[in-house]
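I opened my notebook for a friendly look around this structure.

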Amino acid sequence: MERIRWYKDMVFYQIWPRSFKDGNGDGMGDLWGVLEKLDYIKALGCDGIWFSPIYPSPGADCGYDIADYMDISPEFGGMEAFKQVLEGVHARGMKLVMDLVINHTSDEHEWFQKSRQRIAPYTDYYIWRKGEKDGKLPNNWDSNFEGKAWTWDEVRGEYYLHLFAVKQPDLNMDNPLVREEVKKILRFWLDMGVDGFREDVITYISKKDGLPNDRVFPIYKGMRHYNHGPRIHEYLAEFKRDVLDHYDCFTLAEAPLVSPKRALSYIDEHRGQMDMMIQFQCQCADCLFTDYIPLPFSLRRMKKAFTDWQYKLAGRAWNMLYLENHDHPRIISRYGSEKFWKESGKTLATALLFQQGTPFIYQGQEIGMLNWQPENPDMYEDVQTRYTYAHSSLNKPAEVRLKKMWRSSRDSARTLVQWDDSANAGFTTAVKSWFHVNPNYPRINVAQQDADPDSILNFYRKAIALRKSLPAVRHGEYREHLRLSGKHYVYSRTMPGERLLVVCSFSGKETKLPLPRGFDLSQAELLLCNYATPGTGLHPWECRVYRWQE
């Protein structure tokens with residue numbers, strides 16, 4: 001089947017189901033709540049939904065530890081609710097994408113329970129190594145979440161590999177039986193009508209033969225031996241050839257530490273195995289490798305990341321555009337300004353939405369939700385946050401470590417969506433919800449912004465509608481201007497008959513309007529601005545989109 005690249009004309013909305021909306025009043029976000037809000041998502045201008053995992057799971061990593069790939073967790077409403085949501089999505093002309101997590105499962109998955117007992121054919125479904133309890137580990141690799149990457153299993157009497165939490169053992173993708181299981185999973189959901197998959201850390205699924213020690217990486221030891229492993233393209237090509245090519249679907253790869261050049265080996269439209277890639281470079285303008293090694297925000301670093309991907313993928317592959325998701329703190333608190341909350345929220349939206357690619361908006365981003373600052377570290381749920389608080393900066397006082405979590409924790413993006421100013425921000429009618437709400441919800445919520453024409457929410461609606469109406473956003477050449485500026489992000493989009501200029505100030509002070517050569521404002525139409533009265537210069541955190549028509 002020839003792949004129809006319908007995703008190029010879409011805007012997706014990512015739902016973290018636990019915190020989106022509780023539809024049955026038990027305190028947990030669920031699919032009934034999603035069904036209730038489909039018209040809200042459609043009215044935002046989004047054409048598709050990506051669900052973070054909604055499969056049965058013990059919840060060691062909020063659903064990324066899957067216990068059954070072919071079912072929907074009862075806490076989210078089960079398969080009945082899912083089928084109603086899928087029908088509702090398609091009835092609105094929208095698409096639905098599932099999160100596929102095949103690097104690892106839960107240790108409570110039937111496969112692992114049988115593998116640890118050496119029950120055929122599951123014996124080698126996971127990566128086991130001989131050793132002695134409390135003895136030398138099979139290698140020096142680090143887990144991304146909890147210490148070292150090996151844990152002793154009493155039942156089997158061997159160590160198993162887990163690149164993430166202890167309760168997330170890695171599958172052995174070198175075993176052809178495991179790959180056949182993956183194909184069954186893909187077919188199951190595609191036959192039901194799902195439109196594609198976001199594939200979690202998919203570049204990790206092939207490990208280097210022999211699992212050698214890592215003598216290079218200072219952190220995340222071992223990553224160079226499993227990220228972009230030796231048979232990764234072979235396995236992805238197999239999934240594409242045997243399953244994906246037979247459906248009208250698309251795939252989105254999550255790929256930590258990937259460059260545009262490397263990305264093309266996965267998503268080149270003529271020879272790649274996947275359609276788009278989530279890159280992390282745009283998330284590193286205020287940190288080193290990980291949110292837990294903070295640096296001062298650098299606009300130049302942010303611009304370089306976006307521009308590199310725009311230039312190097314142009315005409316060869318398609319960009320996935322994002323500023324927020326469930327794995328990173330809120331972007332206004334990071335790259336924007338809480339003092340100029342409304343202005344910077346709109347400017348960040350503009351900087352993103354007029355690049356070439358498919359934008360993904362994360363729940364709450366469209367109303368400018370901010371980082372959460374709990375009083376006590378025990379309020380965090382995230383396994384990575386809890387481990388980092390307990391084991392890093394050991395010589396620092398508790399309050400210093402807690403402030404680091406305020407800045408870095410994934411849980412800042414996982415607080416309850418703020419629907420209105422009622423109890424629990426309108427998320428649930430239950431007395432108590434599964435997680436916390438940011439105390440600023442009386443000021444920042446959907447109901448308040450829906451009624452305010454000047455709100456961040458209504459700006460997102462206007463900007464998304466505008467990008468869909470402008471051919472140059474889809475087809476135009478991207479060019480960055482004023483590359484060395486530490487205050488402005490300026491880029492143009494050009495095609496025959498239409499030119500756009502996007503001007504974004506990242507300064508809390510008045511600045512001059514940075515107009516590149518060849519852009520005469522007397523011939524331009526101002527299509528979008530976050531101030532009612534734009535002047536000859538730029539207000540703090542002002543953004544503008546101009547158009548020239550020939």
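Predicted model: local features only at pLDDT ≥ 70, side-chain atom pairs only at ≥ 80, totals over all residues.

Arg-18 lies over the face of Trp-434, 5.8 Å from the ring centre. I then looked up Arg-401, and its charged end sits over the ring of Tyr-389, at 4.7 Å from the centre.

Next came ring pairs. My search of the whole structure returned 37 aromatic pairs. I picked Phe-12 and Phe-360, whose ring centres are 4.7 Å apart with planes at 5°, so I noted the pair as stacked. Phe-12 belongs to strand E1 (residues 12-15) and Phe-360 to strand E13 (residues 358-362), so this pair ties together parts 348 residues apart in sequence. Phe-12 is buried at 0% relative accessibility, and Phe-360 is buried at 3%. I also found a cluster linked by ring pairs, with Phe-82 and Trp-189 among its members.

Those two names came up again in the core. The largest nonpolar core has 153 residues, and Phe-82, Met-98 and Trp-189 are among those with the most contacts inside it. Helix H16 (residues 456-469) gives the largest share of this core, 7 residues. A second, separate core has 17 residues, including Trp-150 and Val-383. I checked Met-98 too: beyond its sequence neighbours up to four places away, it touches Phe-82 and Trp-189, among others.

My last entry is Asn-325, in the loop between strand E12 (320-321) and helix H11 (331-334). Is Asn-325 buried or exposed? Its relative accessible area is 5%, so Asn-325 is buried. Its side chain reaches the backbone nitrogen of Asp-327 at 2.8 Å.

How values were computed
Residues numbered from 1 in each chain as written. Heavy atoms only, no water. Helix = DSSP H or I, 4+ residues; strand = E, 2+ residues; numbered from the N terminus. Buried < 20%, exposed > 50% of the residue type's maximum accessible area, 1.4 Å probe, protein only. Polar contact = N/O pair within 3.5 Å; in protein donor to acceptor, adjacent residues only side chain to side chain. Core = buried A, V, L, I, M, F, W, Y, C linked by side-chain atoms within 4.5 Å. Contact = heavy atoms within 4.5 Å. Phe/Tyr/Trp six-rings, centres within 6.5 Å; stacked < 30°, edge-to-face > 60°. Lys NZ or Arg CZ within 6 Å of the ring centre and 35° of its normal.
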